[in-house]
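Hello,

Here is the structure I promised to pass on to you. Have a look at it first, and then read on for my notes.

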Amino acid sequence: MLGAAHPIVAYSLHNLGRLLVSQQKLEAAVPLYEEGVRNREAALGRDDPVTAALVESLAIVHLRLGHLEAGLPLLERALHGYQQAYGPDHSETVEAHRNLVVALAMASGFDEAVLHLREVVLRDVEPGLQMDLKDAFFDPFRRRPAFQKLEAEVGQRAGQPKQD
């Protein structure tokens, strides 16, 4: 017999929450997602990839409800879980990073959003450029040149000519 803390029970709660979300009953889905996350973390820990997926689902529901203060830390937790389980280049990790970038931009955390975006897009840029960009994000007078460098590098990776 399965107990309340069994991972399958946690995933079933998540599926019930998904059903409510599909019916636009977001508020009703939150407690199911929360209980599912608690049970899954208790059984398998925070770094389990399915735990990360459940946390990310809960975060997205909070964001859809306009609860940025609840959603952002959950997205960060999900990202950390994916990074631990899969590494930085896995599609789930990249998607979680993208979701965090969008949420930070929604919360007017544009500087932090750009830092995460840079980490996803420019992971293997030469060390000098990485340091220039990182320093520039903390110095408002240097932001414009840093964004120009970032745009040029992203364009170059996409096969577009570098613009100086």
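**What I found**

Of the protein's 164 residues, 37% count as buried. Please keep in mind that this is a predicted model. The protein has eight helices and zero strands, so the pattern along the sequence reads α-α-α-α-α-α-α-α. Among contacts with a separation of 6 or more, 47% join residues 24 or more positions apart. The accessible surface comes to about 9400 Å², and carbon and sulfur atoms make up 56% of that.

In soluble globular proteins, nonpolar side chains tend to be buried together. Here the largest nonpolar core holds 24 residues, and the members that touch the most others are Val21, Tyr33, Leu58, Val61, Leu75 and Leu100. The elements giving two or more residues to this core are α1 (7–22), α2 (26–44), α3 (49–64), α4 and α5 (91–106). Of these, α3 gives the most, with seven residues.

**Helix α4 and its tyrosines**

Helix α4 covers residues 68–86. Its 19 residues should span 27 Å at 1.5 Å a residue, and the end C-alpha atoms are 26 Å apart, which agrees. The buried residues of α4 are Gly71, Leu72, Leu74, Leu75, Ala78, Leu79, Gly81 and Tyr82. After the helix comes Gly87, which has a positive phi, near 95 degrees.

The structure holds one aromatic pair. The ring centres of Tyr82 and Tyr86 are 6.2 Å apart and the planes are at 15 degrees, so the pair is stacked; the cut-off for stacking is an angle under 30 degrees. Both tyrosines lie in α4, four residues apart, which is about one turn of the helix.

**Salt bridges**

Side chains of opposite charge can pair when their charged atoms come close. In this model the count comes to three salt bridges.

- Arg40 and Asp48 meet through their side chains at 3.0 Å, N to O. Arg40 counts as buried at 9% relative accessibility, and Asp48 counts as buried at 14%.
- Glu41 and Arg77 form a salt bridge whose closest N and O atoms are 2.4 Å apart. Glu41 lies in helix α2 and Arg77 in helix α4, so this pair ties together parts that are 36 residues apart in sequence. Arg77 is partly exposed, with a relative accessible area of 26%.
- Arg46 and Glu41 form a salt bridge with the closest N and O atoms 3.8 Å apart.

Which residues are linked in a network of salt bridges? The network consists of Glu41, Arg46 and Arg77.

Best wishes

How values were computed:
Residues are numbered from 1 along each chain as its sequence is written. This is a predicted model: local features need pLDDT of at least 70, side-chain atom pairs count only at pLDDT 80 or more; totals for chains, interfaces and linings use all residues. Side-chain values use heavy atoms; hydrogens and water are left out. Rings of Phe, Tyr and Trp (its six-membered ring) pair if their centres lie within 6.5 Å; planes under 30 degrees apart count as stacked, over 60 as edge-to-face and the rest as tilted. A nonpolar core is a set of buried Ala, Val, Leu, Ile, Met, Phe, Trp, Tyr and Cys residues joined through side-chain atoms within 4.5 Å. Buried means under 20% relative accessible area, exposed over 50%, partly exposed in between (1.4 Å probe, protein chains only). Contact means heavy atoms within 4.5 Å. Accessible areas come from the Shrake-Rupley method with a 1.4 Å probe; for residues, only the protein chains shown count as cover. A salt bridge is a side-chain nitrogen of Lys or Arg within 4 Å of a carboxyl oxygen of Asp or Glu. The expected span of a helix is 1.5 Å times one less than its number of residues.
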